[in-house]
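My notes follow in the order in which I checked things.

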Amino acid sequence: MARLESVPVALGESVASSAPAVPAAKVTPRHSGLVRVTHWVTTLCFFALLISGIEIVISHPRFYWGETGNVLTKPLFQLHIPSSRSKVQTGYGYVLPDQNGWSRYLHFQAAWIVVLTGLLYVISFLFTGHLRKDLLPGKGDLSWRAFSSSIAKHLRFERPSAEEAWSYNVIQRLSYLFVIFVLFPLVIWTGLAMSPGFVSAFPATVTAFGGQQSARTIHFFVTLALVLFLVAHVVMICVAGFRSRMRAMITGRADGTHRERT
Amino acid sequence: MTDISRRKLIIGGLAATAGVSGLAVAARIAQKYGLVPPDHGGIYGLGETLTYASQRLLTRHSLAREFSRSQISNPPFANEMPPLNEAYKRLQAGGFADWRLTVDGMVDRPTSFSLDQLKSYPSRSQITHLACEEGWSYIAEWIGVPLSRVLDTVGVQPQARYVAYFSIDPDWWDSVDMADALHPQTFLAYGMNGKELPVGNGGPLRMRVPRHLGYKSVKFVTRLTVTDSMKGFGQGLGSAAPEGGYSWYAGI
């Protein structure tokens, strides 16, 4: 373990070419220590945010558009679930227990940790070349032919080739980029737009969405998109080989075939 | 390999020491500048402190958004609430003529104000958003006297750091720091949408803190206490909210 952990920094930097990242030596980790740690911290925080977010939504499972909305207002839509508040007419004959207190504490604690982790991850792009090497699609990848063949492979749930144990395919790269640079920023932004303190200093945060209730509704839909991503992500990991992909993200070691080949 | 391990160990140890002492220094500075909330203990203390400290640095003087008359929620909304107690009902039967707002603690002139006295000060109004932590919200026009006007009258002593405020319902009390207490939009509201403040919205007298979620705007206020520490109040967490599991700082 000591050996594996001590080398990544030195070797990670020497792999500077944009060629498929086949390891230069058998000790090069598939994912750098920083990627592995930020990945799992983000995973933990995402589940904390999701569970606490669901609890908060249960107290008012109605969504609106514009500045205001309450039980006297016509909702944009309503989730057909029981509520933890008796004033919300749900059609269920019971009221769930109020769990908002710890949910809100946990939601913001996890939000702080995931935002700081995300910042560390994005700032590390400047030093590691992770963005250019691993996330931005290569020139050849963006051709229609390469793109459609990648989509076809995904649709057939084809087990990826051995090279892919060491590199992301184009669909993977584009979805990771979308999550990192569109969904996460949007979910943070709409979250801040619901904070009465924050928007007093930066009103454009909320007026850009047309109101606090619009921001809340968008926050909900971005969360749905992130959950969809999570499901697809886990499904693809199972298709590619759950054990090998989990091992690569936990220990950094990738498939044995590659270590033999190098 | 052992060399690298030893070097890593030393560097790691130095980094950890620097980190811990850095945190300790940060905590001292945060405490000195009033950036640590009363409910900073426990597993969620980190998030609470980061939220409070960063919002205090960013929002000390910022104003909550104000809206046009046409944006006032119609019909007006009043949240459900627990039944009113006997003390309230007695005062209500007398048309609130005997309602008093007592101001004590670290003030030069402890005073008990009647509603008429409060209404004799120049009234102010604001059309602001009230958002509940549950997710619903409404906009109303609030009419009242800025809390800062009342605090000026009683003379706040320089060591004051919080203003605690109490509802006639003994389970319901809260506090704000001086930045919020002296903020021009923090009101003792006695009117709403051009009329007397309805009972359902906290009449005859309600705190309004528009830069916070709704639960900070305590209804039926009868007492203010100016203090330098929230330790002696309830469980010392700043308000009734953390005792019920909710955070003291409700700017988010």
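I worked on a predicted model. In chain B I found an open sheet of 5 strands, ordered E2-E1-E10-E5-E6, with mixed pairing. I looked up its edges: strand E2 (111-114) and E6 of chain B each pair on one side only.

**Entry 2, the partners of E5(B).** I took E5(B) next and went through its pairings on each side. Towards strand E6 (residues 173-177) of chain B I counted 5 bridges, and the two strands run antiparallel. E5(B) and E6(B) make a hairpin, with 5 residues between them. I wrote down two bridge pairs here: Tyr162(B) has Asp177(B) as its partner in E6(B), and Tyr165(B) has Asp174(B). Towards strand E10 (residues 221-227) of chain B there are 6 bridges, and this pairing is antiparallel too. On that side I noted Ser167(B), whose bridge partner in E10(B) is Val221(B).

I asked myself how many residues of strand E5 (residues 162-167) of chain B are buried. I got 6 of the 6, so the strand is largely enclosed by the rest of the structure. The cut-off I used for buried was 20 or more other C-beta atoms within 10 Å of the residue's own.

I then sorted the residues by direction. In a regular strand, side chains alternate between the two faces of the sheet. In E5(B), Tyr162(B), Ala164(B) and Phe166(B) point one way. Val163(B), Tyr165(B) and Ser167(B) point the other way.

**Entry 4, the contact between chains A and B.** I turned to the contact, which takes 34 residues from chain A and 40 residues from chain B. Which elements give two or more residues to the side of chain A that touches chain B? I listed helix H1 (2-6), helix H4 (100-128), helix H8 (196-201) and helix H10 (212-250) of chain A. H4(A) gives the most to that side, with 9 residues. Sorted by class, the side of chain A that touches chain B has 13 nonpolar, 15 polar and 6 charged residues.

Notes: Residues are numbered from 1 along each chain as its sequence is written. Chains are lettered from A and ligands numbered from 1 in the order in which they are written. This is a predicted model: local features need pLDDT of at least 70, side-chain atom pairs count only at pLDDT 80 or more; totals for chains, interfaces and linings use all residues. A residue is buried if 20 or more other C-beta atoms lie within 10 Å of its own, exposed if 12 or fewer, and partly exposed in between; C-beta atoms are placed from the backbone. Two strands pair if DSSP finds at least two bridges between them. Two residues are in contact if their C-beta atoms, placed from the backbone, lie within 7 Å. Ala, Val, Leu, Ile, Met, Phe, Trp, Tyr, Cys and Pro count as nonpolar, Asp, Glu, Lys and Arg as charged, and the others, Gly among them, as polar.
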